[in-house]
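Here is a short note for a colleague who is opening this entry for the first time. Please read the points with the structure in view.

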Amino acid sequence: MKSIYSFKNLFFRFLMLFCITFYFIFLSGSSVAQGSEIKYTQTLQELFQHIENQGKYTMFYQNSQVDLKRKVRIDKNQTDMNKLLSQALEGTGLNFKLIDDHIVITAKRNINKQNDGPIVRGKITDNTGETLIGVTIIVKGTTIGTVTGLDGEYELEVNNLSDTLVFSYIGFVKIEQAINGRTEINVVMQMATFALDEVVAIGYGIKKQTDIIGAVSVINTKEIASLPVSNIATAIQGKATGVSVTQNTGAPGAGTAIRIRGTGTINNNSPLFIIDGIPTQDANNLPPDNIESISILKDAAASSIYGSRASNGVVLITTKKGKEGSIKVNLNTYTGLQVVSNLTKMCDKDQYIELYNEVAKNDGRSIISPEMADSLPNTNWWNEIFKPAVITSTSINVSGGTKNTNYLVSANYFNQDGIILNSGYDKYSFRTSINSKLSDKIDIGTNLNLSNATTNRVGSSGDGYGGNGGSVVRYAYFRTPIYPVCDNNGEYIDYYPEYAEVFGDGYNPVAFAEKYDWKNKENRLLGNIFINWKITDNLTFRTDYGLDFYSTNEKRFNENWGYNGRINNPNSLQQSSVTSSQSTWKSTLTFNKTFNEKHNLNVLAGLETIKNNLEGQSGSAQNFPDQIPSLRYLSNGTKNQRVDGWQSRWALLSFFGRVSYDYKGKYYAEIVVREDGSSRFGSNYPWAFFPAAALGWRIDKEPFLCDVKFLSYLKLRTSAGILGNQQIGNYGFASLITPGSYYPFGNNSLSGYYLSRHGNANLRWESQTQFNAGLDLGLFDNKLFFVFDYYNKLTDDVLVRAPLPPSSGNATPPFINAGKIKNSGIEIEVTYKNQINKLNYNIGLVFSHSKNEVLELYRDSPIPAGRIDNGIYATLTEEGFPIGSYYLYEMEGIFQDETDIFTHAFQGNDIKPGDVKFADLSGPDGVPDGIIDSYDRTHVGSPIPDFTLGLNVGLNYKKWDFTLFVEGVYGNEIYWQVAHDIEGFYRAFNVTQRVYDSRWTGPGTSDDQPRVSWTGSTNNKKPSTRFLFDGSYLRIKNVNLGYTFSDIGKQKTIIQSLRVYLSIQNLLTFTKYPGLDPEMQTSDNSSSEGDLAKGIDWGTYPMARVFTLGFNISF
Amino acid sequence: MKKHLVIIIAILFLISSCKKFLDEQPQGPYPTAAFFQTESHAKLAVNACYEPLSFANSNNRLWVVTDVVSNDAVKGGFPGDQAEIELIDNFLIYEDNGNIETIWSIYYEGVSRCNMVLKFVPDIDMDKALQNRILGEAYFLRGYFYFQLCNIFGNIPLVLEPLLPIDMQVPNSLQEDVYLHIESDFISAFNYMEDALQANPNVYPSGEIGRATPGAAKALLAKTYLFEEKWSDAASTAEEVTAYGYLLMPVYQHNFNVIFDNNNEQIFQVQHMSEESPVQGSRLNQWLAPREQNGYGFDEPTQNFVNEFEMTEDSVYDPRLDYTVGRAGHIWFDDIEYDTSWSSTGYNQKKSLQPLSEIPASTKGDADLNFSVIRYAEVLLIQAEALCEMNNTSEAIIYLNKVRQRARECYLYDENLLGYGTIPEGLLPDVTTTDQVVLLAAIRHERRVELGFESMRYYDIIRYGREYAESAFSDKDNFDYDVHKVFPIPQSEIETNKNIKQNFGY
């Protein structure tokens, strides 16, 4: 019943999407037919603009041939474009031609010949034979020029036939051809292989890529738009060296973690995001196809201009802007189907019963009789909780501009149904960007991003310890196959208490998911306004005010259900609303001048203020007499209605400057300084200074390398500097006394206040010293390009929570500046672009290696984190090891017989052959003592990978395009916590098939899976390397095949070009990890512990495999 | 140039207002300096000191380190569930055992809250009587937390005032020194609370039952003396408790019945209340109840414990047996007969549990039954034991027999007992011996049956000495009196406190 319904639903979604698509086409079609009103007299320019503004026609003409200021007379009521134009152009010496929706204005040669020069004609195509429209052709050294028309043809009057023509087109290699007396010159243009002339966003400015001497990764945004993902972080995964992106869970709308160049600190390691100059927490509210460019600033030279917030790296995002020209409408839309993949094989009914009976025999309990077995169902819980789900995204961009003003308006709708029942994400975003020249000197502009997102949540990670309910996946792992989903009345079956020992007592995962009523709504506004004032040719002043505002509303109803109403009793509702606003005001003065055509100097000075305010209220109530959705509001709760409210603020005040100098684009030097004052450090040490310096050398420009033909680019870069980190939350300097303690005196519950946090009035900034050395090497006209970087980051005065002994109470320990952490690594990026006949191809490989080591901690006290059982922690951050490294017993094998047990270190009285054998590594005196106890735990691995790999392949053949993206992670471990329960045998939970297949059943039968026994579990499920797995994986993240109908514009349609593509996300994964998804690194249980407790899998919502069909249409 | 000037002025203005711009102070919570200023602050602060007593927190595993570990109970529950409790039951006790970690942490949090009150409340300008009451409560609670910690862990750090984080490296004190300090806390508690009552008899608001009282301080002081083997102090202090008018309840079971919470026999109880948010009801009701009633089934009584109960020649058991445990052929609660399949031993304990008619299975872990810390019957047994140790056997049997008398006279007052109205022949006769050794054994026996499953059995076994303990644990191969008389200091403390030493043998 259920599956038919969801299939119908799916079909319905597809239908909706197509209706929407056609509606938009219809809409834009109808707008063309609007009436027009034209004055009697106007200039040609006004006329052309007016025609273009109607949106149907684009004008093509040569400036040199057309006097735009010439006044023409026209008939106001004329609607026929042919008549209108012939009337208007009468006597101007101009001709026009209507080609589809293009109007090409040309001079009547015999009349308008100015100098009777010869004419050169020709056709321009790319290497696939496609004609190129809009190629600029200029006579070298003059301003005479033209552009190619729709048919790719041009006609240009030159002074004489010994001139040279220059052909240029964006994205293609510029060509110079001497005319040499010819009058017809046809040119085949080649796609540019490596566009080093691109301008790249850097802190508080832009720079040509060739002039950058810091470590900056620039991400190709073209590929991003067609990925079926909701946020930018996921889209940049594997695209840049030194950048690691992990999604917290596969649940729709789940957060992501970005780490740039390793894990630099024990507290927050998230980079700083800057969107159009405005700092923000994350970039998740921007639809990926709104992004023009992403620069990732990785080293001190690049990022130290952001001082105290830069030690985790900076992600600079520039959004798309309108461009001068006629109105452009783009519609990008895709619809995909998500399915689950890589499921852990669990036992079916027969296997479960066989195992249960074996355990019962081993432990001396009664078995499941064959008669009983016959009456039991065989439920596959994976099939019950997972379903194919639709993902769709549609965005429309309308942009255009005149010489003085450009605009862009866009809207995006994104919807993702979760592959687990009752989860989903729904987002609308809108964007406006307007830039206008008020005069030659003054520009103003604004960017505005609005979004509205609703997340339908279900438990997606952890076991509920984090306070957000356990993961649905976890309960599906647990549920024995002999439980039916529903009873005969269609009610969910919860639990059979009298048979709990056989069936188990966990939650019904289907009911658990379906009964979740947890919605999170977020409205967000991110915008800025600016004035740019060119004081002189060399001096520019810019001031910018930005606001990042959001409000969230979260509502969660815990429905009471289950056997005897045992779950969520009493029912309860929690509702909270939070508003956050961060205003940034910054002003910069830039001086830019070239002296003696040799010395290029760029000086920047600026100041910035940031004020952040967060406040919220929450309410909760219990005992709702009715549980129907329309009555799930706080006022209906009959008991324990409570309210809460909070506010938290921080401020940052900064002064900064940068001097960049280069000599003839050959020798580069740069100095950056920033002084930051933060409210987070109290009154003792609010200020800190962050300097950095960098040097660069373009060796290929040296005379001695001029003759080396294959070498096209060679630059050495090096930088060093100090950066900071202030992400420790607010008011760390103050000790706090808070309410929240309750105790009943008789029947009167009274509130109590207690010390909840220790402060430290002497807090200082965490500072990070970075060194970077890099090499850029281009060979064979940059067809082959290498970028190599080595870095070394030493974080000192690390802000850590002083590990206080529990004998001092439970108040949160204070932040202190203690500890040193080292990160070093290498990054290699190789790209190769070339073509074979009509096949263009490019291959890119990014490789990053990083090594993390804790050098010093507060009082040498290691920090345990990642609770995996009561009072037991999986990781220990200790000197000499990486942050959050696993600290466990080492499994040596399985005891095969009594002698084996007898001769091995003592593990307990009840050890039997078939139990797990642990290594005796140490004792109270630091040497093995013949007893397995907590001294024998040791560092056994780390969740931080040794290296990560990204491979991008792109192919273009005629109108076909193909991309392939592979991501690899190597050398990290994952602790599969859920295996405690599904391989641990301590109660009736379902069991993995690998246990069934390879368990110990007698001497020599297994050395990795113990005998199945509930009583043996005390020993066998000790937190050991038994549950630690190699987390390396290689994943074909995306393949995308597209076809472009570029000549569609010649037909009588309003569509100019159409690209259709098919893509598969997460196609294949190669891994040894037995859990659902090796990419899932964080859990709700330890989210507050950050990088101290990563890589613990409690059964996490996996990522889906997505099959997508998409269209990019421009009108 | 004008514009330049504007910018320069703006910058100068900004610099001058830097300090103000960056000055952000906590909104909402009190910075420490702003608290402890008024009478209401003092009241709020002392309320919070009670919270760590509560069994609303599943981490309060007092029952593990007192009953499960003893010969009264086994772990129970599903065989591999809560494996760490099994380790404790088998004396494979490691310093990273979660049960000892959590109890250490809860009770030291209690100590820390009391220390804040004791440090800052004296300086508050407020009603003197109330101030004294509050200080007395804080001394009492700190004494209680240390009493439990000291019995569980032995040589523990004595933290006596709020410390700066840098100073939180307190070394162990010897167990005997900790006891001395506990004495002094209970004496201070008594004095402050007495003073308060004398200045204003209404200093305890009528709606706030469950606060520490002078009588409670005296009773726990007597128990401390007993544990220190200061027999005469124990006896005299126990005698002084009598002055506070405590009585034995006619029906023993009423001490474990929610209707009689805070009755005249109860000197100090941990208060529980259902249906509150955050939860303030007892979770013991779920942890210790059989699975069939939506419990987890831990802490199951042993045959050895059941055998301790006296029986007449007509096979009538001491009525306290059926008040304490569920067993075959007897009513569990609510007219439901006990089913031996509920437990691995065939028994389940009842003292911390409530019938389903009071707390339904659906809210099993939110019960309102209080938890007895000390009741008058124990004070009588303290007095008997102390006197006996002083070889004043003739006086000692008086107190012992009061306890036995009440037990057998349940037959006169509890209509639910079979044969209600007459005391069965030969049931729990008065002890008449004057032989010190015999009498001491009788008193120890009486403590075991009278106070069974009230979270103190293991302390008793240990303080009775090596011989008693080794005989009690003759079936536990791993038991080593020298090591296991205390639990190990938890690993988290060892790792973070550079001045602490692990207990012997761990």
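What is the handedness of the crossing of α7(B) and α8(B)? The points below start there; note that the model is a predicted one.

1. The crossing of α7(B) and α8(B) is left-handed. Helix α7 covers residues 128–153 of chain B and helix α8 covers residues 175–199 of chain B. Their axes come within 7 Å and cross at roughly 155°. Angles over 145 degrees count as roughly antiparallel, and α7(B) and α8(B) are therefore described that way relative to each other. In the contact of α7(B) with α8(B), 17 residues are nonpolar, 7 are polar and 5 are charged.

2. On the α14(B) side the contact includes B:A377, B:L380, B:L381 and B:L387; on the α15(B) side, B:Y399, B:L400, B:V403 and B:R406 are among the residues involved. The residues of this contact of α14(B) with α15(B) divide into 10 nonpolar, 2 polar and 3 charged.

3. Turning to the interface of the two chains, 88 residues of chain B are in contact with 95 residues of chain A. Between them the chains bury about 7900 Å², with 60% of that area on carbon and sulfur atoms. B:F21, B:L22 and B:E24 supply 9% of the area that chain B buries against chain A, more than any other three residues.

4. The interface of chain B and chain A also holds 6 salt bridges. B:R291 forms a salt bridge with A:D505, and their closest N and O atoms are 2.7 Å apart.

5. Some backbone details deserve a check by eye. Most residues other than glycine have a negative phi, and most peptide bonds are trans. The peptide bond from A:N569 to A:P570 is cis, with omega near -5°; A:P570 sits in the loop between β28 (539–558) and β29 (572–595) of chain A. In chain B, B:S277 and B:P278 are joined by a cis peptide bond with omega of about -5°, and B:P278 lies in the loop between β3 (266–270) and α11 (284–287).

6. A:N623 is not a glycine, yet its phi is positive, at about 60°. This residue, A:N623, is in the loop between β30 (599–622) and β31 (639–663) of chain A.

Key. Residues numbered from 1 in each chain as written. Chains lettered and ligands numbered in written order. Predicted model: local features only at pLDDT ≥ 70, side-chain atom pairs only at ≥ 80, totals over all residues. Heavy atoms only, no water. Contact = heavy atoms within 4.5 Å. Helix = DSSP H or I, 4+ residues; strand = E, 2+ residues; numbered from the N terminus. Nonpolar A, V, L, I, M, F, W, Y, C, P; charged D, E, K, R; others polar. Buried area = accessible area lost by both parts, 1.4 Å probe. Salt bridge = Lys/Arg side-chain N within 4 Å of Asp/Glu carboxyl O. Axes fitted to C-alpha atoms, helices over the stretch in contact; angles between N-to-C directions. Parallel < 35°, antiparallel > 145°, perpendicular 65-115°, else oblique. Left-handed = near helix turned anticlockwise from the far one by under 90°.
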